[in-house]
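Let's take a walk through a protein model together. Have a look at the structure first, and then we'll go through it piece by piece.

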Amino acid sequence: MNGNQLNQPAEVVARLVAVVMGVGFLVTVVAIPVIFSSGSLRVGIQRSTLQVDGLAVVLSALVLGLSALIQSFAIRYLRGDSRQLWFVAASALLTGFTVLMVCAGSVAVFAVGWIGAGAALVLLLGTYFPLAQARRGKRATAVRFILADAAFVSAVVVLLVAGGGDLSWARLGAVVTGLPVPVQVIVAGLLTTGAFARSSQIPFHGWLPFTLAAPTPVSALMHAGVVNAGAILLFRFAPAIALHASVMTIVFLVGATTLTYAAAVRLVRADVKGRLVFSTMGQMGFMIMACGLGLFAAAIFHLIAHSLFKSALFLGAGAGITQHTVSRDLPDPKPRTRVSYGIAVAVGVLVPGGTLLAAKLVLAPTASAATIGLLGFVSLTASVALASALITHFTLRTFVSGVGATVLLLVGYVAFLHTFTAALQPVFSITAAPAWLLLLPGLSLLGVQLLASTQCLTGFRNLVYARAVTTTVSRPPSVQRVVS
């Protein structure tokens, strides 16, 4: 009897769940133009509501589409695995609660979806529970989620009591402004604490690196979906969070600190999944920074782009390792000259900056100071990436492909950012962090990149290696694949 026969019921369930997710994705894709053309559709459920607006249908399409893709990938990846059914059940719960969260029309319904999604993730991390590494990751995640969610639930309770019951998003701002100012600040701080933990931001960042022992489909669901929940919380609760510049400044600084830290650690990680983990953490830091600047629509756009990009990276990590093995055996590139170095730096500075300036003038002639600052920050990071690529491999091929890809991506970034801002940016007044604070993470990242080009990170690299989580994902006998 072969492995497929032994585990056939689990595979049948897995295929059924993948089909259901795929059908849900198609329904939401069809609903997107309808919702954007007609405004918001509310479906009443007793005293609470589900709010199917533009944000809800876009994020539901993203969640269901990625879930269908990852479920389909997992059918073959986990075929014959005794824990396949556990993964299917836990991932279906995670998807369901996440959709409930993004479609919630009130504070209480959002809280149910938020807590349910966190619990489902902890269950999902138990897919290979017999592994000591998996148990460690599950425990680290559960502890941080419980602490942060306790703060989030406390804020929700205060809001529900102040509102005399469940609150729709339309009533949230009025109820919060009726509270004493110290209570407003405390509620905002408690809400942001939940967002920081779910998006693996400092000081709650420790849980994500401990999940390296999770199988690839679990990692893809986490990095492409779960960590994005922090921006969704900040977006929905913006009327309660964006009242005070002090709170928004803290949000920005937490994101900026996490971004810089994750970028530095990523440079010294030798393992593929470790680099992807800290890349995710840094990207979430950028997303939280955008929220601190009051650019919530920009954060949602970044959320979607990161989810698509990171899911592709995790599902294709095996092919990436193979490609790295091949390229490692290739001859060393020719040493760079002063002329090639100078050209690389000049092109790296001029192309991204000129492209973003031209795209902004043509596609989005009017923009806030925060948006201009964000585009400047993006220009800096694009300059570092392009210049580093050209310095490392200065050939005609890398020059043409690097410049072409940079221009295409940055023009697309401005176009999509303008579209998302027009469609999703909140219309109420926002007291954001000052845009000049972008200089802090910008200079920090530039300093990290300059250090990375020298031997100054050797000691830091050794420290990270000493504390790094082992990435070997071996399975104990109880969860070995059943093979024919």
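Averaged over the chain, the pLDDT is 79, and 84% of the residues score at least 70; pLDDT is the predictor's confidence in each residue, from 0 to 100. This is a predicted model, so local features need pLDDT of at least 70 and side-chain atom pairs count only at pLDDT 80 or more, while totals for chains, interfaces and linings use all residues. Residues are numbered from 1 along each chain as its sequence is written, and side-chain values use heavy atoms, with hydrogens and water left out.

Confidence is lowest in helix H1 (residues 3–6), with a mean of 47, and highest in helix H8 (residues 181–198), at 92. Helices here are DSSP runs (H or I, at least four residues), numbered from the N terminus. Over residues 1–6 the pLDDT stays under 50, and the model has 9 contacts for them beyond four places in sequence. A contact means heavy atoms within 4.5 Å. Residues 468–484 also have a pLDDT below 50, and this stretch has 41 contacts in the model beyond near neighbours in sequence.

Two packed helices are described by the angle between their axes and the distance between the axes. Axes are lines fitted to C-alpha atoms, for helices over the stretch in contact, and angles run from 0 to 180 degrees between N-to-C directions.

| Pair | Axis distance | Angle |
|---|---|---|
| H3 and H14 (residues 296–315) | within 11 Å | roughly 5 degrees |
| H3 and H4 (residues 84–102) | 9 Å | about 175 degrees |

H3 is therefore roughly antiparallel to H4, whereas H3 and H14 are roughly parallel to each other. For these words, angles under 35 degrees count as roughly parallel, over 145 as roughly antiparallel, 65 to 115 as roughly perpendicular and the rest as oblique.

Which residues do the touching? On the H3 side of the contact with H14 you'll find Leu55, Val58 and Phe73, among others, and on the H14 side residues including Ile300 and Leu315. By class, this contact has 13 nonpolar, 2 polar and no charged residues. Ala, Val, Leu, Ile, Met, Phe, Trp, Tyr, Cys and Pro count as nonpolar, Asp, Glu, Lys and Arg as charged, and the others, Gly among them, as polar. Where H3 meets H4, the residues include Ala56 and Ser60 in H3 and Phe87 and Thr95 in H4. The contact of H3 with H4 divides into 12 nonpolar, 7 polar and no charged residues.

## Inside and outside

A nonpolar core is a set of buried Ala, Val, Leu, Ile, Met, Phe, Trp, Tyr and Cys residues joined through side-chain atoms within 4.5 Å. Buried means under 20% relative accessible area, exposed over 50%, and partly exposed in between (1.4 Å probe, protein chains only).

The largest nonpolar core has 130 residues, and Phe110, Leu233 and Phe237 touch the most other members. Helix H3 (residues 54–77) supplies the largest share of this core, 13 residues. Apart from it lies another core, of 7 residues, with Val347 and Leu390 among them.

Leu233 touches residues including Phe110, Trp114 and Phe152, not counting residues up to four places away in sequence. In helix H10 (residues 229–236), 8 of the 8 residues are buried, so H10 is largely enclosed by the rest of the structure.

Is Ala174 buried or exposed? Ala174, in helix H7 (residues 169–177), is exposed, with a relative accessible area of 57%. Thr355 lies in helix H16 (residues 338–363) and is buried, at 11%.

Terms used. Helix = DSSP H or I, 4+ residues; strand = E, 2+ residues; numbered from the N terminus.
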